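This report goes through helix packing, salt bridges and a surface patch in one model. The sequence and structure are shown first.

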Amino acid sequence: MTLEDTTGGTTPPKDDYLERRALRRGSAGWLLLTGLGVAYVVSGDFSGWNIGLSKGGFGGLAIATVLMGAMYACLVFALAELSAILPTAGGGYGFARRALGTWGGFLTGTAILIEYILAPAAISIFIGDYVESLGLFGLESGWPVYLVCFALFIGIHLWGVGEALRFSLIVTAIAVTALVVFALGALTDFHVDGLDDIPVDGEAFGSNSWLPFGLLGIWAAFPFGMWFFLGVEGVPLAAEEAKDPVRSMPKALAISMGILVLLAVMTFFAATGARGSAAVQEAGNPLVVALQGEGDPTALSRFVNYAGLAGLVASFFSLIYAGSRQLFALSRAGYLPRFLSLTSRRKSPYLGLLIPGAIGFALAAGTGDGARMLNIAVFGATISYALMALSHIVLRRREPGLHRPYRTPGGIVTSSVAFVLALSALVATFLVDRTAAFMALGVYAIALAYFAFYSRHHLVASAPEEEFAALAAAEAELERG
């Protein structure tokens with residue numbers, strides 16, 4: 001195998017290039033992968049989604065959640081097929097690389113990186129807020145708390161992937177248990193008339209008590225409907241470290257999505273029905289508000305409050321993992337500086353963990369604006385969703401004979417639904433936070449300039465995702481010959 005150089009020629013890689021960039025294989029079965037899929041998302045059930053009530057009301061957010069849930073379900077089915085075809089750490093980048101070429105691979109990988117570097121930075125701020133509100137150790141939210149978060153949890157990842165995913169599974173189980181307990185407690189005080197108690201904006205087209213901000217409010221609520229599912233698409237990034245990824249990956253994706261749908265329905269109806277949509281629409285801790293309102297804390301509300309911290313930790317921890325694996329794959333293939341993909345004796349991409357962690361800590365400590373960073377992350381996510389869905393469509397049409405151990409139900413109809421809804425969600429981000437969207441575009445532009453002028457001339461042909469794409473090109477050449 002060879003490395004491309006800037007002149008279009010080739011130079012042989014060092015014999016140990018891939019050996020120094022190897023992950024620990026067989027570390028995760030379907031249970032740990034399922035836990036990882038839920039861990040990515042579970043913090044969104046505790047807070048964030050409720051802001052969508054202030055954009056679309058109960059009806060608007062409910063419709064947005066159904067549509068975004070459909071988008072994620074269709075995307076997950078498409079990714080299950082793609083990850084069974086190419087079970088490597090590249091995830092979305094690898095799929096797009098085969099279907100859309102080097103530019104498509106880089107565009108997709110960069111969008112995923114934006115999501116997985118910005119989201120942990122935002123969640124570290126939310127963890128700080130929780131620590132302060134709970135009065136833990138007398139700490140206040142600020143850079144010392146953020147630093148402890150990054151240092152502690154990156155340290156566990158450096159210890160090893162198996163240990164990291166088991167830790168994630170335990171914390172996620174605590175958070176999920178708390179959501180079930182919350183729903184059981186809140187539903188005892190459920191009132192239908194509280195669902196549509198947000199005042200109606202009479203000037204909005206199509207407005208009524210269920211859609212107080214009109215039909216446009218449904219669209220504006222798209223990014224918040226995503227919060228019930230945002231991150232589950234990161235499960236394929238663990239394919240290279242999974243046991244029997246061809247079987248375990250589709251199974252884990254399907255079960256994760258099923259669990260997340262159940263949690264979303266329970267949380268949404270229990271929180272709004274117990275206290276009313278108006279009361280929780282802008283609450284930083286909507287589940288606690290739903291349980292206690294303006295009254296004194298109860299044993300149940302305290303339990304949910306502490307468990308909310310567990311949910312934030314689970315998502316923070318797992319998103320660090322996802323970001324490091326996407327960075328690892330892009331670096332190993334030469335899209336980003338190659339030294340970032342070096343692994344330790346314990347087969348952890350240590351620089352792929354430390355450098356994004358340093359960036360995330362700097363953003364959290366320097367801005368303190370978690371909401372803005374999450375909006376940037378959502379912008380990157382929607383771009384990657386559209387490109388991954390498009391990759392499935394292109395591969396189905398261009399390579400119908402490709403061996404597919406798992407096939408997406410509905411075929412390209414399923415991935416086409418995901419593609420259209422992802423583009424709609426991308427446009428919706430401009431309705432919510434235009435500044436965040438343009439900041440993300442700025443980051444994108446810088447990354448694309450680096451790729452255009454440098455890294456596309458230094459790609460590593462022996463990287464698994466590049467070999468997979470090269471094989472397709474060779475087969476196409478033979479067919480033409």
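A crossing is called left-handed if the near helix is turned anticlockwise from the far one by less than a right angle, and right-handed if clockwise. The model is predicted, so local features need pLDDT of at least 70 and side-chain atom pairs count only at pLDDT 80 or more, while totals for chains, interfaces and linings use all residues. Residues are numbered from 1 along each chain as its sequence is written, and side-chain values use heavy atoms, with hydrogens and water left out.

**Helix packing**

Two packed helices are described by the angle between their axes and the distance between the axes. Axes are lines fitted to C-alpha atoms, for helices over the stretch in contact, and angles run from 0 to 180 degrees between N-to-C directions. Helices (H or I, at least four residues) and strands (E, at least two) are DSSP runs, numbered from the N terminus.

Helix α12 (residues 299–332) packs against helix α13 (residues 350–367) at about 120°, and their axes are 8 Å apart. That angle makes α12 oblique to α13; angles under 35 degrees count as roughly parallel, over 145 as roughly antiparallel, 65 to 115 as roughly perpendicular and the rest as oblique. The crossing of α12 and α13 is right-handed.

Helix α14 (residues 370–398) and helix α16 (residues 434–453) pack with axes 8 Å apart, at an angle of about 60°. This makes α14 oblique to α16. The crossing in which α14 passes α16 is right-handed.

**Salt bridges**

A salt bridge is a side-chain nitrogen of Lys or Arg within 4 Å of a carboxyl oxygen of Asp or Glu. The structure holds five salt bridges, among them the following pairs.

| Pair | N to O distance |
|---|---|
| R404 and E81 | 2.9 Å |
| R98 and E399 | 2.4 Å |
| D433 and R372 | 2.7 Å |

The side chains of R404 and E81 meet in a salt bridge. R404 lies in the loop between α14 and α15 and E81 in helix α3 (residues 53–85), so the pair ties together parts that are 323 residues apart in sequence. Both R404 and E81 are buried; buried means under 20% relative accessible area, exposed over 50%, and partly exposed in between (1.4 Å probe, protein chains only). A network of salt bridges links E81, R396 and R404.

R98 forms a salt bridge with E399. Because R98 is in helix α4 (residues 92–134) and E399 in the loop between α14 and α15, this pair ties together parts 301 residues apart in sequence. R98 and E399 are both buried.

D433 forms a salt bridge with R372. The pair links distant parts of the chain, with D433 in the loop between α15 and α16 and R372 in helix α14, 61 residues apart. D433 counts as buried at 11% relative accessibility, whereas R372 counts as partly exposed at 26%.

**Surface patch**

L216, W219, V427 and L431 form a nonpolar patch on the surface, with about 350 Å² of accessible area together. The elements that give two or more residues to the nonpolar patch are α7 (214–220) and α15 (412–432). Patches are made of residues with over 30% relative accessible area and no salt bridge; like charges are joined within 9 Å, and nonpolar side chains (Val, Leu, Ile, Met, Phe, Trp, Tyr) within 5 Å. Accessible areas come from the Shrake-Rupley method with a 1.4 Å probe, and for residues only the protein chains shown count as cover. L431 is placed in helix α15 and counts as partly exposed at 41% relative accessibility.
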